[in-house]
Structures are given as structure tokens and as C-alpha cells.
Amino acid sequence: MAAPELAQTDPEGIEGVRMTWLNWPRSKVEASKCVIPIAASIQPIRPHVDLQILPYTPLRCKTCSAVLNPFCRVDFTALIWICPFCFQRNHFPHHYSSISQTNLPAELYPNFPSVEYLIPNYQNPQNFNPAVTSSPIYLFVLDTCMIEEELEFAKSALKRAIGMLPENAMVGFVSYGTQVQVHELGFSEMSKVYVFRGSKDISKDQVLEQLGLAVQGSRRAGPGMQKSGGGPSPVAGAGAGPNTGINRFLLPASECEYTLNSLLDELVTDQWPIAPGNRALRCTGVALSVATGLLGASTAGTGARMIALVGGPCTEGPGSIVSKDLSDPVRSHKDLDKDAAPFFKKAVHFYDELGKQLVSQGHVLDVFASALDQVGIAEMKVAIEKTGGLVVLAESFGHSVFKDSFKRIFEVGEQSLGLAFNGTLEVNCSKDIKVQGIIGPCTSLEKKGPAVASTVIGQGNTTAWKMCGLDKSSCLTVFFDVSSSEKSDPAGPSPQLYIQFLTSYQSSDGQMRLRVTTVTRRWVVGSEDLVQGFDQEVAAVVMARLASYKMEMEEGFDATRWLDRNLIRLCSKFGEYRKDDPASFTLNSCFSLFPQFMFNLRRSQFVQVFNNSPDETAYFRILLNRETISNAVVMIQPSLISYAFNSLPAPALLDVQSIAADRILLLDSYFSVVIFHGMTIAQWRNMGYQNQPEHQGFAMLLQAPQEDSQLIIRDRFPVPRLVVCDQHGSQARFLLAKLNPSATYSNAQEMMHTGSDVIFTDDVSLQVFIDHLQRLAVQAS
Amino acid sequence: MSTPRGPRPGAFPPNYNPDTLAGNLQNLRINQSNWQQSNNAGVSGAPRTSNALPFGQQPPPFAAGQSRPPPPGVFQRVPAPPVAPGQSTLRPDVMPARPTGPTPVSQPPPFASRPPPPGVLPSSIGGSAAPPYSAIAPRPGLSGSPTPPQMSSNGPAGIGPPAFAPRMMQSGSRPPPPMGNAPRLSVGPVQSPTMLSSQASSQPLQTRPGFGSPPAVSSSVGQPGPPFSTFPQGPMFSGSSNMPPPPGSLSFPPAHQGTVQSWPQQPPQVGPSHPTPGAMQQQQRIFGMPPGPPPFPNQSMALGQTVLSQADPNHIPRYSSSSAVILYETRTDNRANPPPPTTSTYIVKDNGNCSPRYMRCTLNQVPCTVDLLSTSAMQLALLVQPLALPHPSEEPIHVVDFGESGPVRCSRCKGYINPFVKFIDQGRRFICNLCGFTDETPREYHCNMGSDGRRTDADERPELCRGTVEFIASKEYMLRDPMPAVFFFLVDVSMHAIHSGATAAACSAISQVIPDLPEGPRTMVGIATFDSSIHFYNLKRAMQQPLMLIVPDVQDVYTPLESDVVVQLSECRQHLEILLDCIPRMFENNRTTDSAFGAAAKAAFLAMKNTGGKLLVFQSILPSTGMGSLSAREAEGRSNMSDGEKEPHKLLQPVDKTLKTMAIEFAEYQVCVDLFITTQTYVDIASLSVVPRTTGGQVYYYYPFSALSDLAKLSNDLRWNVTRPQGFEAVMRVRCSQGIQVQEYSGNFCKRIPTDVDLPAIDCDKTIMVSLKHDDKLQEESECAFQCALLYTTVYGQRRIRVSTLSLPCTNMLTSLFIAADLDTQFSCILKHAADEMPSAPLAQVRDKATNVCINILHSYSKFCATRSSSGLLMMPEALKFLPLYTLALLKSNGLRSDGRIDDRSFWLNYVSPLPTPFVIPLVYPRMIAIHDLEAKELEDSIIPAIIPLSVKYISDEGIYLLENGVDCLIYIGTSVEQNVLTQIFGISSVEEISNQFILEQYDNQLSKKLNAILNEIRRERCSYLRLKFCKNGDSSGTMFLSNMVEDHMPSGAAYTDFVAYIHNQIQKKMT
């Protein structure tokens, strides 16, 4: 853990971009020899203290529409700038006439590779209505098929959330169980609810028509309607203008808070009877579909989040993931593997369509699932990821994992997640660079161009992506390909390559912004430069993301073998060794941690999926794909800090040997934070020494990991699960599962230290893994 | 009317013997001449004394003749009751018989006059009254006088007179005094008409020739006339203010009318004028028809026969009313008594056969063979009204509980035990009177036989001595626990409904009816509103206001909640009231013009599917969206004349099967739909009505709806709808004796299997017509039984089986058949058949068919039964003498007129379908009375004044007239009504101030109070809060009123006289 990179406080810098290779191999062949793909991890709207906000529209290149940036060559006398991507010469417009070497606009400052434009009227590529400064919409979708206690938790969380919303935020509410209930908040006479049947798929048009939101005069009719030909003017519909009706359902928080609160007070658990031995009839699919339709009536381009609180699996209507019969268990990985999950494909298809619908509307789906059983995140994942939605998986709506996470999304100020809407990412890159695609929370906009690679990874076939929802920690992995052939002369027109990321989005306060980040890297030939530019953290994360992606996409993909093979190839290529002499093997420090990352990745929940439910796996992967590199690294290889008397808290080896009776360990595996008390510490604590004045030091020792864990928890979203346990306690497994099993029952004798522990596993230890790796790496291929 | 005669038959009883019939018949044939004589005699029965056969009609004679008859009649009647109970039905029969038609009048007086009886009579006719009478000689006489003939001539007269004479005298000595007194005078004339009719009727009585004439006469319709007339006449009534039961009954005989009218009008005039209607008479003369002639022919008629000379309006039978109460015993001497006219007020004593209210047959004797039936051209059918309202004085239906084992039934045909089951083998076994199978008597039900061949416990067991009993259903009759009483209200809130005030009216009506819903935890209610979507309301909420749940998908509906949409009334009363108050306001600005009736009904159905129940829908416009939506076919038809004209009757058919399918599903889950249509436009009732029709509900139609004037009717209709006696989840089956079987049921119900009728709900106003057919010959001396069993759940959640059994004698004689014909029932069948055919056949065809039925029947009679047919005279069986009039009225009714709005016609067809027999005749031949001169009339015993024939001749410009047909009530205000009268009645000074939306109020003056009292009485009789409309001469409302003058010539049909002439012509053509 003590790698120099980690010590670096801000590896992303103002750019928010990290690449697997700092320097790029010049040719496709070389690139492929690098084993680790050329990829950039970008955080499109990462905040930075030095970030300049420019209150004007950017200048764009006439041909490639790249934005003026510090890497442009500028002729101050001719008032001309040359685009680094297409080399087009562009004239500065009149209002730039006063620029000079000493009077540069901010976007030309070399130390500002990222700048942000504040645009009142930005036309984004999808031609969304420009006049959008409307306030964001929060549409809550609440499952009511739960026990009363859970529902109470969910309700109180909702109430708190509503209280936290900005006054101008538009709020809507949909509850569902066996049927979907859309609450008309703007109806003053009494509580009014539109009820949709849970078993029937319903299109957006139908939703709008049935809610009375259809555009006037347009096809009002379903199949049976033609008959009414001679009826009294069928045209005379309701409402004045198109979509004004939406105000019946979506109201400013300040206006509907009281209504919503009383509505929630009266809301009871779903009353439809549940046959004995059956699951509750829960129509999550239709509920989301209806909510989507409802949002579809809002003004196009308005940012909207659909926040679903789900308490169990969908069993009714489209999007069902399991039968109603309780004797059929919810699908497991094994079922998926054996194709024995009859609902899976249909449900995935349904949610995929739902996702597309949401993307076309520019709206986000967030899912907060709290249940002991699975709720179908695996199926919904596609819709959540495509819209850039948030997902939190917890065991109960009363659990802090849910409660605190849920609260976080409504917080403002420093704790704010910086949730933004309607993001669009465009990539411009130098000639010879192709974009294969993106893994992360976005959707391809299918914008074709010369920079589109033929092979696709993730969301590809495009140089533009839609991110309906994004936040300051959102992270995307862009995969590049180098297309130049060996021939293109190495000197080239330029030794530098340029990539420009253009992210337009609607910030949480409703402003339209455009973040322009332009990066430059160097073309290199020969492995030496490559080695020096290797970012092993990024590489580990990219490999993890890619492996996960392949596991999902490729039938029968064996992730362990794939990782092993790549690792061996990497070591063969970049290690220094004598052939067939494992002992001679050494790795450059730039690679030193990578094998260990791979070792932990192989043992992680991302690869060893069978230890988890498909929902959990989907959840982990969603987060792996959207979190920052440093967080993702923690997911792959948790950090361990040891607290002991007479020493400062220090990182400890992620090894069973770090366990000691007189230590406290703090494990951060991202999804959970474990405070582990050594046996002796636990005994002392149980005897209450910490309460005695003379043992103040002990009290402080106990306190320290608690405080540190709170630091971690406070900054993290979703809030991790905090586990406080003692050595040999049942909860200790949360720690043991993550440790390198250097001491197992097989070598317990020899490894016996005082106070340490053993792990009962057949897994190989890191040492054994490395030994094998060295042996294989040095073998002639 | 004919019915009364029936009784006569009863009168036969004295004769008991089936022979009597035969005998009579034979006699008839044989002695036609004699008969005639006798008839004549009989007719003039009374007359005999006076000998004035001719009189019949002539006033003078009457007086004399009548005077006599009356007494006899009276006596007999009186005595009869007493007798009735046990043995000789005869008397009783007689009694009732007389009362029936005109008699009522007469009778009442008698009672009244006689101090003792009056009180008694009302309460327990038979019992209390009986004693005194019984004491009277009559019985003995009667019983003793088996020989009809004698009786006829003297018997009645003799018997009666002696005993009564004194009394009569005392009371008012009708006979003599009448003449003297002015009132009597009036009577006189009346009588004369009656005489005519009576003669006819009496003849029918033929029963006992003997009786026939005298007693029979009196009893028989025709005769009743005389007796009544005598009594009724001024003196009687005035004197007998006691008359307990308000004379509500209408007596058909035209004579009566005459009588009735006569009173009000100046007797003198009448007297001279003549027979029939006092008023009429004068005019009649004008017509020039010799009053004299007709009578003669009549007289000649052996059987009750009415002879008409075509052109003589005076003698054309006319509908009239009498206000007397008839006491009717269903059987006497183990023979069925023909029931009184449906429109009369009668009190039934059930002693074996069920009350005619529950079931009556078109023929009171069953033809033994198909041939006989087809020769007669009449039809054999039952009109069943299983939950009909009894008269308050009638004995309540006995409820019998057989415990776990359930009622005793035939093991083969599953018929229920009834008084006609024959126990044999010391009671160990019994023979089913329906299928003839011999069953073991269940051990616990065994009982020894008495010497009379009856079980000794027969009189203690209602099921063995009553025609109608109710069994408590045992578990095997329940597929589930009896359903709760569920009322679901569905209210249209589309823009038109809101603007027209229909929504507010519906809500207010519902809100008023809530307190009237049955108390207790079994009563559940629900409410929903709809426009282009459906709005349910969750009323079961602890908090604040109700929750509105909208079902927007009107193509494929569902219920928004599994529970809580239909809630116990006790739990939601408050919410419901708030909600009802709130709805009109809430939708005040609703701009949705569409209405999803079908979808809303379906959704409501789904909400109540678990229990079933009543779904009350308030609909204001043509359903234009959602499943089962309709189009304005009527308009389309108009714009596309060629299509429209080709088959306009198609517009009377439902447009497609959607609603029918839906309705069948409703019925399956015991959901009954009642439809309240409050509209101002075309709503395609033809299509909509399928739902109520199939589910045992009904359509209420308010067109053009006016929130102002229709509110009261709406509330009252709704109240009656939910409070009237009714049952849920019912199944009905009619079983017949071997040889007859049910051919078809028709009415408002759902039929899934051919033998049963499924009724999600049934109430006291629903009648089902059961067409019968022969599948074998019947034995002449046997009786044919009909049993209607209705399994239902009461409002209070008890499962019961109501079993009504009717056993009628079989006959091989065509003449008997005509005598035993029940005009009201026959005509109901004709009307209902016509209504059934309307949607599927061109109008002209239906009209022709109805006319032909009339012609064929009369033709058959003329050909085979009439004693003598002189050309120029139309022979009619007494029982059916009004057939031409009613047929004509039918042709001019809303349904069979070609000029009516489609919706009006559809509604009419629909209204007619379950219409109880007593309401059928008023529907086509409305009752008209004058109300401007109420003050002048002293009608203490009858609230409703005399009926005026439906012709403009009787309408004066100074008058105000009220006309009602059970649905609408038109008040016609002449152009030159005295301002004083206007002010008193309407509180206005000139006719111009009356608008369509005018509301009748009660003012503090006699006239106004009387008018309101009359209205209320009519409403009570009709079980309907009539729709009041004001008509002024000269505008469309006046035209509408005049279109009810069915005796006049109008586009939809000829004048009465012309029509009779036409019929006559047709018959003559056929004869030759």
C-alpha cells in the first residue's frame, strides 16, 4: 500500500484524467504487446480548486469542433489559432481581438488543461431545448409491499429527504405494490391517485394519455377508440396547453411538502392479498415504466431523477425476476450460468428498454434496494448504468447504509454529491487514435466519426456519450486504440498526442456548463518509456473493469485464467529475468504492486462471483465502474491500518499475519469498514478499562479507529457498512475474507505467532501466487 | 275484468263438479238460445226482475234491474267470505268476483253501509266478515243450489234478496233509493253501461248458468257493474266514507267508467244519455249509433260476450276504474278461482293457489291439447312476479323451516312440496303433482291421513295449504355464504353531467338514500365516479378525507384496490357523506366530455366481484370512450337516410356484443346493474340497456333531464330501488305438470342454462313472462299445476326459497277457454312479445302482428263460440272485450310509433320487459282525470276521481287534466282555465307562467291539497314517483299530451271506432 502513487494526494490533478500508460506506444502492434490496454479513467466534472469558470461560450474549431485550448498554436498577430486535432486554422472572433501573449484568455493558460464554461444557452448535440434552467425533478417511487416496520423506515427517510430538497425542486410521488399509484399532488380536494395495473406493460404514450397529459388532439385512442367516430367532439380534451398537466403531479417542494407528508402518513402497506406460500405481488417494472412515462411529460431537457425505493423482487408484470411461488428461489449465479433463470433475459430486456427510454428523456434512475432477498438489481443494472443512476443495496430501510446514503443525495454544500443532470461527453483526439468505447455510467450516442474504433468495448461506436446523471466522483473508463501502422514515421508531425474531453451538463443548481479538458501525452517507441509511464493502480482498475465487463458479455469467460495470462504476459514483457530462471525475476518498481493487485482481484467479489448473489455482484460492478480510481483500488485491494500502543496508526500488510492480540485493525474494503479488535484489546475493553482514568490511553486507542472509520464513511457514497468485531468473533469473517491467507490450517504450525490467526481456506497465499508467476513469466512462451 | 267471472266459475263451485263446466258448456251449446235468454236474463240479471233485457242499457231499466241484482250480489259476497275459509268456495268466489270489476264499488258500499262488516272486512276479509254473512242464508242457498240454472234465474236473486233486502234497505236500500235519488240516477246510467258489460261478463260466468245470470252476473265483471253502480252511486260512497281501502282498483268495464264519471257529472244528464260514460253518452248519441241495438245482441249472447256494432262509440268497451276492494280467495271448493283484474284493488286469501300477484296465467283453464290452444289463437303463458308486493291486509307469506334436510321435494322433478301433492298409502308416499312420480314421504314428515283424504296436519302446514310459502334454504342451496347487501354507486362526472346538474342530482339522491339502506354490518357500499377515466374512492380511512383512486386505462380496466373500495356502511357513513357533498364541486371545472360507461361498470364490477351486489349507475351522455363505447348511431342513421330507412329497427338492437358479454359476466358474479340515465341527448339506450336487462336490473330514463324538476323523481326512484323488497343471487325455475313445459322465459335476467333463470337481483317490481307449450295431452278432469321456485338471498342475508304453486283446471272446451281468458295477462303477453320483436323486425310487421293477434282471437271466438253473428255486429268474448282497445292503444304507444325518438322507443321496450301485469294496461291506456274541479267533487272514499276516456272530446279548454301511465304524469292546462284555479293549484296567475321546469307545490287551499293527495296516491299505487310534466295547448308539450288520446285518430293509428270497424271487417273477411 505504500506505493509512491498512493502517497500522491491528487493523482488526477485538475485534469481528472489518469491513463494506464502515460506514454503511448506508437503502433497498434506495440500497443497490443503492452498487454494492459491503453485506457483513460476520467472524472468528467471533478471539482478542483484551480478550476476556472468562464462565463462565456467557447470557441470551436470550424471543422472538428474541438474547443480552443492551451495546446492550440496561436498567432497573436493574425488572430488565428490552429486546432491541434485537425490542424485547421481558425480566426478569433472580434471580441478576442485584444488577446496577446501577455493577455491570454483563461482557456489558453497552459496550467489550466481543464476549464469550465458557463453557458446560458448551450446547444448540446442532441438538440435538446436550450431554454432549460428549470429546476430539477425528483420523482420518488416507493414500494409498499413490505412489512409495516420497513415501510415506516422508508417513509421517514422520504420525509426527511423532502425536507432537504431545495424549495424549487419539483417533486412527484409514485407508490406501488401490486398496482402502481401515481399521486396527483396538485389536487386540493382530497388525496388523488391514478392507479395502473401492475401486470400490464404500458407505453409512455399510454401513460401520458391515461394521466391526461397527452398532447391535445393527438392520438387519444387505443384500439377501441375508433368506434367513437361520431361521438361528441373527442378532441375537446382536458387542460389548456400541452403538458401543463404535469404540474398536477410535479410540484415545487415548498408547495407540496405538507401534502406529501400527510400522504405518507396515510400510506399503508400494500393491501392486496398474498396467497399463502407466495411472494407479494410487486410490480416494480411497471411502476418504473409509469414513472418514466410521467417524467416524459416534463419539458424535454429538464433534469430528473427517479428515485426508487424497492423492498423486494418484482413478481408481477414485465420486469419480473422471479415467480410468485416462494418455493422458487430467486436466481443465483449458478442458475444464470446454467441458463436456468427463466425470467432473467426477459427482465433484462425490459429494463434495457426502460433505460433507453430514460436516456432519450435525459432522466436518471436511482435504485435504493433494501431487502434480505434480492430485488433484481442484476436485471435493473443496465437501466441504472445507462442513465448514470445511483444504486444502494442494503438489508433494511432502517439500516444506516440506506438511511445515510439516501440522505447524502439531498445534501448540499460540502457534503453534496454534486449531482448533475443531462451530461454529454464528447471526445476529440489526435489522428491515429481511435476510441473503442467506455465502461461506466453512460450511454453511447452513436455518433460516428473517424475516431471510432472498429472493436467495441462497453458503450462504443461513438465519440459522444450521454450521462443522464453524473456527479463529481463519476468516473468513466475510455478505451483507446492506436491505429497508425508501423510505417507512419515515428518522428511524425508531432511527438505529442492530444485528447480533448468535452462534458456538457446541467449542474445541480440548474446551470448549463461545459467542462473542457484537454490532455497531451507523448508518443514513444520502446518499452523503457512505456515502463516509466505505467500507472499500476489505473491498470489494476482497468483490468478489473474489463474483466467484469467480459464476464458479463462473453459466454463462458474465465476471468481468472484471463487475468493470469495477462499478468504472465505482462511480466514476461516488462520483467527482467533470465529465461527459465524464476529466481532471477525482477520487476520495475512501476509494476511492483501490480501482481498483488491481480492476486487480490482474483480473490475479489468481482471475479469470485459465486460467493455473492447476482444482485450483489451487479451492485459491486456498478460501483466499480463508476467510482474513482483510488476508491476502485480499495475495492480490489482493501486498505488495512493497524493501531497499537506506542505507535502511530500505520498501514499494515493485508495479511493474516497483521492480526495481533494487542492491535486494532481498521479494514476499508470500500463496501464495508471493519474495526477489528485483537483478543487482548477486546478483553480489556470488555472489562471496561477504557473508562478508568488511568487507562486513558487505552480509551484513545479504542477511539482512534472509530474516528478514522467515520472519516471514511462520511466521504463515501454509498455509505459503507461498518462492522465492529473482535478477534474470533463471528463478524471477524469480514476481515479474514480479505486477508492474504499466509497462515492456514495447513501451515498453522509453522506460522504460529503470538496472537495471530489462521484462515481456514484452500486458497493460495500471495507468496505461492508470486512464486508461480515468476516461474511462468520466465518460461519461454 | 274477466277475472271476476272467473270467480263465477268459482261460483260453479257450488256445482263443484267438473261437470258443471262441461255441463255449462253443453248447456251453452245446446241451449244457446236458452243461454242467451239466460244471459240476457243474466245480463240484465238484475234486469230479469225487471225483465228489461233491453234495459241493460237503458237507464230506466237499470234502475230497476240493477237494484235487484245488487242485493243478491252483495249478499252473496258477504256470505261468501265467511264460507270461503273452509268449504264452499262458492261464496267467496262470488264475493271476490263481484268486487273485482265494478263490484268493488258496490261492495264497499255494502260494507260501509253495514256497520259491522266494514271494519272487519278490511282486516280479515274472510274471517271476521264472514261470520255475519255466513249467517246469511246465501250459503245454504248457494250450496244448496247446485243446480245452476235455477240459481241463475232465481237463486241469486232470491237468496240474496231475502237476507239482504232488509239490510240493503237499511244501508241505503240501493235499489229503490237509487232511482229516487239523484245520485242514483246517475247510477242508473252507469249501470246501464255496466249492464252491457255485465251481461257479457255474467254470461261468461255462465259457469253456472244458474248463477251465471244472477249471482254470476253480479260477480262477473259485467254484472258487477250493475251492482256497483247501484251502490256506488252517490249515496253509497258518500255514505260509506268508511270504505277502508282506498279504491284504487280499476275496473275495466267501460260501464264503470260510465258509472264513475257519472257521479261526478250530473246524474241527470247521464241518466238520460245512457249507458256508458255519462259524459260520453251525450256525444255518443251524436254518433248516432243506436244504443238500443247493441244491448240486444248482447243479450242474445249466450256466454259473456260483448257485441259491438262498429260505429257505436258508446258501446265500445272502455276502460274504467272502480275503487272498491275485492276480497279474493284463490280457491274455493278445491277449484281455482279466476283472479280479479290486475288493476283492481284486491285482497287475496291464499287457500291453495298462490296469489295472482305472484303468478297468473293467461288462461284460467288450461287447454288439454295444443290444437285447442291454437284454435283459440290465444297463448298460454304465465306472468310471474315472485316478490310482488302484497296488499297490506293480506296474510304474510309463511316461512317454513325444514332444518338441515331442506324442504321436501320430488326426487324426480325436484318440484317442491305443495298443497296439490297427493299423499297415498296412509301418507307414506306421495304423488308429485308436477311429474306424477311417487315418492316416499320422509319419515319425519310423515303424517296420518284424515278421512277426507288429506293429511290431518294439512291445515297446520303452510306448505300443504298455501299456494305460496317460503322455505329456509339449507346448506345445499348455498354455494357460499349468503352475500351481503352491496350497493355500489357509479356517477358520471363528465362535463355534460356536471353542467346539466345530473351529477349534483345523483349525489344528492344518493346521499338521501343512505339512511334508508338496510342497517347492520351486512350492508356494504362503494362509490365511484367516471368521465374518461374512472375514479374510485377509498372510504375506509382513519384519516382526513377519502382517497380518490383513478383507473385511467379504460380499454382494459381493473379495480384499484382489493378491499376498501366496497366498505361496510357503518364504517364509512361520514366519509361517504362528505364525499357526496364534495363530488359536484370537485369536478366543477371538469372539461372532459367523454364518458367511459362500459369501462366504469366493468371496473366497479371487478371491485364487487367477490360479493356481487347492486351497481347503480348514473349516466348522462353517450359513452364515447373505453371498452364498450358507443357511437351516435341515431345521428348517423339520419345523415345516411338510405341506411336508416332500410332497417331503422336495427337501431333498437345493441350495437355489438361487448356489453352483452360484459353483462353476462356481471350476472355470473351476481352483480345487478340499474341504470339511471339523466340525459339531454341520445345515449343509445338500446345498447346500454343490455346491461341492466341481463343482470336483472332496470333502466330509469330522465329525458330531457332537468336538475330542477327531476331531482325529486331521481331521489325517489333511487330510494324505492334500494328499499323495495328484493333479493339477491337468485335462481328461478318454473315447473309444470306433465304435458306442459316451459318454452321460454322472458324478462330481465340472465339465462345460462335453459331451465333456470339467473337473477343477480330480483325485486318486487320485476315480472318474468314464462311461455308454455304442450308436449302432451292433458286429462280433462285433471288440474294442471305450475310451480315457480325462487331461490334467493334476502337483504338480511338469509337464503330462502319462495315457492308459488298455481293449479288450474284443464278443459277441452274452446268456450271455456274464452271464458277463462285473462285479458290483463293476455295483453301483457301481446305487449311483451311485441316489444321483444321490435328490435329484430320492421315496425310495420310488429304492428301487424299485434293487430292480427287481436283479430285472430276474436275471429276464433266469432267462428266457434259466438252464438250468433249478425253481420255488422262484432262478437267478443266478455273476458276480452277490451282487447281491441288495448291493441289500438298499444299501436299508438311510444314503442310502436314510428315517429318516436329511438331512445324513447328503446326505453319503452326496455321498460316493458319486466313490467308487472298491473302496470301494463295503464302504460298503454293511461289514466286521465280532471283536476280543475276537484273541489267540487266529494270523493271521500276514493282519492282519485273518475277516469276520463282518452279522447279530446272530454277535454275542455277550461279544464286541467292529469294523465298518468306509471312513468310520466302529464298535467294539461287548458287555454282558458279560470285564473282562480290556476292560482290555487300552481300559485300563478296565467298559463304563460308555467315553464317546462315548473314544479308543483302544495298551497294552502283545498284544491291544491287534493291534487297533491291524488298525486301521492297515484305514486303509491304505481310504486313510482312519476315524472311530472306540464303541458299547454299550442306548444309541443300540448302535442305530447294529445298524443296520449288513444281513442282519437292520430298518425300512428285510427280512432277507436274506426279501429273496431277495421277489426270487424277483417274478421268478416276471414269468416267468409
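Modeller: The account below begins with the aromatic pairs, then turns to a helix contact and to the backbone. The model is a predicted one, and every value that follows was computed from it.

Over all chains, the count comes to 52 aromatic pairs. One of them joins W21(A) and F574(A), whose ring centres are 5.5 Å apart and whose planes stand at 40° to each other, a tilted arrangement. This pair connects distant parts of the chain, 553 residues apart: W21(A) sits in the loop between β1 (17–19) and β2 (23–25) of chain A, while F574(A) belongs to helix α13 (residues 559–574) of chain A. Both W21(A) and F574(A) are buried.

In chain B, F618(B) and F676(B) make a stacked pair, with 4.7 Å from centre to centre and 15° between the planes. F618(B) is part of strand β19 (residues 613–619) of chain B and F676(B) is part of strand β20 (residues 671–678) of chain B, so the pair ties together parts that lie 58 residues apart in sequence. F618(B) counts as buried because its relative accessibility is 2%. F676(B), at 0% relative accessibility, likewise counts as buried.

Aromatic residues also gather in a cluster in chain A. Y138(A), F140(A), F368(A), F397(A), F402(A), F406(A) and F410(A) together form one aromatic cluster.

E668(B) is located in helix α34 (residues 658–668) of chain B. With 43% relative accessibility, E668(B) counts as partly exposed.

The helix contact comes next. Two packed helices are described by the angle between their axes and the distance between the axes. Helix α39 (residues 823–837) of chain B packs on helix α42 (residues 902–912) of chain B at about 135°, and their axes are 9 Å apart. That angle makes α39(B) oblique to α42(B). The crossing of α39(B) and α42(B) is left-handed. On the side of α39(B) the contact is made by L831(B), K832(B) and A835(B), and on the side of α42(B) by W908(B), L909(B) and V912(B). By class, the contact of α39(B) with α42(B) has five nonpolar residues, one charged residue and no polar ones.

Most residues other than glycine have a negative phi, and most peptide bonds are trans. In chain A, the peptide bond from F717(A) to P718(A) is cis, with omega near -5°. P718(A) is in the loop between α18 (696–715) and β30 (721–726) of chain A. A cis peptide bond also runs from Y703(B) to P704(B), where omega is near -10°. P704(B) is placed in the loop between β21 (699–702) and α37 (707–723) of chain B.

Positive phi values occur at two residues described here. D339(A), although not a glycine, has a positive phi of about 60°, and D339(A) lies in the loop between α7 (333–337) and α8 (344–361) of chain A. D339(A) counts as exposed because its relative accessibility is 55%. K414(B), also a residue other than glycine, has a positive phi near 65°. The loop between β9 (398–400) and β10 (422–424) of chain B holds K414(B), and at 41% relative accessibility K414(B) counts as partly exposed.

Definitions and conventions
Residues numbered from 1 in each chain as written. Chains lettered and ligands numbered in written order. Predicted model: local features only at pLDDT ≥ 70, side-chain atom pairs only at ≥ 80, totals over all residues. Heavy atoms only, no water. Axes fitted to C-alpha atoms, helices over the stretch in contact; angles between N-to-C directions. Helix = DSSP H or I, 4+ residues; strand = E, 2+ residues; numbered from the N terminus. Parallel < 35°, antiparallel > 145°, perpendicular 65-115°, else oblique. Left-handed = near helix turned anticlockwise from the far one by under 90°. Contact = heavy atoms within 4.5 Å. Nonpolar A, V, L, I, M, F, W, Y, C, P; charged D, E, K, R; others polar. Phe/Tyr/Trp six-rings, centres within 6.5 Å; stacked < 30°, edge-to-face > 60°. Buried < 20%, exposed > 50% of the residue type's maximum accessible area, 1.4 Å probe, protein only.
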